[in-house]
Amino acid sequence: MNLDSIKKLPNVPGIYMMLDRDRSVIYVGKAKSLRKRVSSYFRKTSGHSSRIGRMISHIEDIDFIVTENEVEALILESNLIKKHFPPYNVVLRDDKHYPYIKITRGDPFPRIMVVRRVKRDRHLYLGPYPSSSSLREVLKFIYR
């Protein structure tokens with residue numbers, strides 16, 4: 001891993017993806033400052049766990065995506081973890097899923113409901129929403 005490339009990372013919010021030699025995603029993380037967060041993995045004085053130490057030894061490259069804010073980074077991180085299933089991301093048992101608005105299709109009268117899992121079906125899903133308050137605002141607009 002070239003440490004000079006880390007210094008060139010922007011000092012803005014976003015997500016970073018650690019890649020192995022096959023360019024497979026092995027870890028996805030979010031950051032308020034990409035440069036500060038990614039560089040923290042490579043400091044000699046940081047006492048990482050053995051799991052993180054193993055991950056660092058497999059890093060060949062780092063990709064990143066800049067976001068407008070931390071909330072956007074949080075949502076993007078969640079979606080990328082679900083897409084790539086990186087081996088070094090911890091899957092929590094109480095894994096919370098962001099709420100979506102589901103609008104049923106094919107019914108005589110489409111229903112609008114809040115769900116936490118998107119299924120591959122004929123219905124329309126809007127979201128994800130980072131908070132239930134933002135979801136309620138959209139629902140108020142839809143109902144009007």
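Select I101 to begin: in this predicted model the residue is buried, with a relative accessible area of 0%, and it is found in strand 4, which covers residues 100–103. Next, display what surrounds I101; leaving aside its neighbours within four places in sequence, it is in contact with I112, M113, L124, Y125, L126, Y129, L135, V138, L139 and I142.

From I101, move across to L126, its bridge partner in strand 6, and then select both strands, whose pairing is antiparallel and runs over 3 bridges. Widening the selection brings in an open sheet of 3 strands, antiparallel in its pairing and ordered 5-4-6. Its edge strands are strand 5 (112–115) and strand 6 (124–126), each of which pairs on one side only, and neighbouring strands of this sheet are turned against each other by 30 degrees on average, direction ignored.

Now turn to helix 4, residues 70–84, whose 15 residues reach 21 Å from the first C-alpha to the last, close to the 21 Å expected at 1.5 Å a residue. Finish at F85, which follows helix 4 and has a positive phi, near 50 degrees.

Terms used: Residues are numbered from 1 along each chain as its sequence is written. This is a predicted model: local features need pLDDT of at least 70, side-chain atom pairs count only at pLDDT 80 or more; totals for chains, interfaces and linings use all residues. Side-chain values use heavy atoms; hydrogens and water are left out. Helices (H or I, at least four residues) and strands (E, at least two) are DSSP runs, numbered from the N terminus. The expected span of a helix is 1.5 Å times one less than its number of residues. Buried means under 20% relative accessible area, exposed over 50%, partly exposed in between (1.4 Å probe, protein chains only). Contact means heavy atoms within 4.5 Å. Two strands pair if DSSP finds at least two bridges between them. Axes are lines fitted to C-alpha atoms, for helices over the stretch in contact, and angles run from 0 to 180 degrees between N-to-C directions.
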